[in-house]
Amino acid sequence: MAEAWPQGVFPARLIEKLHAQGAIATARPFDADQVQPASLDLRLGDVAYRVRSSFLPGPAHSMVDRIEALKLHEIDLTRGAVLERGCVYLVPLQENLDLPAEVSASANPKSSTGRLDVFTRVIGDRARGFDQMPAGYKGPLYLEVSPRTFPVLVRTGSRLSQMRFRCGDTRITSAEHQALHASDTLVIGGDQPVGEGVALSIDLQGEGRNGLIGFRSKRHTGVVDVDKKNALDVLDFWEPLYNRGQLELTLDPDEFYILVSHEAVHVPPSHAAEMVPFDPLVGEFRVHYAGFFDPGFGHSSAGGTGSRAVLEVRSREVPFLLGHGQSIGKLIYERLAEKPDRLYGSALGSNYQAQTLKLSKHFKPYP
């Protein structure tokens, strides 16, 4: 008789159990810090394929078939290679899946990947959609990578995306969100409602003496090595933005911004959360590529007393005026399958605990 997996998002112990039972297969052992509190970092394999366009294989084709038809050339990643902005690459991942019948998976870019404006999506064999592996999926995983702003240096083992595993219906209801907020204070500051998720708004007041409100990327820069921390000077890649009294910011099309939520958020140890876009009818902009918030984010015992949500923002087609306090997204909370044995925070060396406005880990502190 097959083992019954508990309902909820899988914390680290259950992810490791999936691996031990062969449901997550890899020829190379896991990295020591690859399993996060409620997600698994996914590692690039040995080769990248430059392809003509993004695609989904659909039920009639394997990924191998479609890559062979669409590839322009192959790139060896074992010694490192630069992926150019504006190009689309497909990289076989080191991890393959053979999921139990009741366990599904979903993927998202890692926070550092989103803050570099590197667009990534995980694709499975014969997939009809991106970033979603249906319950019982068996097969390889591929990562679509398309740098939008900076050219990036990657290599075999670089980790750009992360995967979360679930069993059953994990999202909590509007009433459960309100009850959890009453008991654990999910959002601190601001006046956004808690209902079907925790709504967040934009902060354009700024921080510190100069009122820093965010950063706009520069167009012509050097390469970002995705595996090196605290290596790059901020001003070589970013233009700082300051509050000049208007409490407004015009987003220019084709520009990339790093901004921050007005509210601080808290993910208690019993839950995980995911950032989802706010109603698209409120504005022509996209917020937040990287959507997973592990248990313990902003939790006091894990080194945070509420942490801001850093937001990767692009205007879609036209200039768009943002105002301070404007709603820009929401967090949807999900119950964990069991109590986690580790939390996001300082004990794990997590990069973004207790953060306010912060660029990716690749840049030196600013100012």
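Two strands count as paired if DSSP finds at least two bridges between them. Strands here are DSSP runs of E with at least two residues, and helices are runs of H or I with at least four, both numbered from the N terminus. With that in hand, take strand β9, residues 96–98, and β13: they run antiparallel and are joined by two bridges.

Before going on, a word on what we are looking at. This is a predicted model, where local features need pLDDT of at least 70, side-chain atom pairs count only at pLDDT 80 or more, and totals for chains, interfaces and linings use all residues. Residues are numbered from 1 along each chain as its sequence is written, and side-chain values use heavy atoms, with hydrogens and water left out.

Back to β9. It belongs to an open sheet of three strands, in the order β2-β9-β13, with antiparallel pairing. β2 (24–25) and β13 (138–139) are at the edges with a single partner strand each, so one side of each has no neighbour in the sheet. Within the sheet, Leu97 is opposite Gly139 in β13.

Leu97 comes up again when we look at contacts, meaning heavy atoms within 4.5 Å. Leaving out residues up to four places away in sequence, Leu97 touches Ala23, Ile24, Met133, Tyr137, Lys138, Gly139, Leu141, Met163 and Phe165.

Now the domains. The bounds come from an automatic or database domain assignment, and for this chain that gives domain 1 (8–167) and domain 2 (174–335). Taken over C-alpha atoms, the centres of domain 1 and domain 2 are 25 Å apart. To the contact between them, domain 1 gives 33 residues and domain 2 gives 30 residues.

There is also a record to mention. An unreviewed UniProt entry lists residues 7–168 as "domain: 2'-deoxycytidine 5'-triphosphate deaminase N-terminal". UniProt positions are given in the numbering used here, feature names are shortened, and annotations may be inferred rather than shown by experiment. In the model, the span 7–168 is 14% helix and 43% strand, and its end C-alpha atoms lie 5 Å apart.

Next, the interior. Buried means under 20% relative accessible area, exposed means over 50%, and partly exposed is in between, with a 1.4 Å probe and protein chains only. A nonpolar core is a set of buried Ala, Val, Leu, Ile, Met, Phe, Trp, Tyr and Cys residues joined through side-chain atoms within 4.5 Å. Which residues have the most contacts inside the largest nonpolar core? They are Phe10, Leu97, Val122, Met163, Phe165 and Trp238, in a core of 58 residues. This core draws at least three residues from each of domain 1 and domain 2. A second, separate core has 30 residues, among them Ile172, Leu180, Leu186 and Phe293.

On to the rings. Rings of Phe, Tyr and Trp (for Trp, the six-membered ring) pair if their centres lie within 6.5 Å; planes under 30 degrees apart count as stacked, over 60 as edge-to-face, and the rest as tilted. The whole structure has 10 aromatic pairs. In one of them, Phe215 and Trp238 have ring centres 6.4 Å apart and planes at 70 degrees, so the pair is edge-to-face. Phe215 sits in strand β20 and Trp238 in strand β22 (residues 238–242), so the pair ties together parts 23 residues apart in sequence. Phe215 and Trp238 are both buried. Phe293 and Phe297 also make an edge-to-face pair, at 5.0 Å centre to centre and 90 degrees between the planes. Phe293 and Phe297 are buried as well. Ring pairs also link a cluster of Phe150, Phe215, Phe237, Trp238, Phe256, Phe363 and Tyr366.

Last, strand β24, residues 256–265. Nine of its 10 residues are buried. What does β24 pair with? Strand β28 (residues 307–315) runs antiparallel to β24 and is joined to it by seven bridges; there, Ile258 is opposite Glu312. Strand β20 (residues 212–217) is antiparallel to β24 too, over two bridges, with Arg216 opposite Tyr257. Strand β17 (residues 187–188) makes two antiparallel bridges with β24, and Ile188 stands opposite Ala264.
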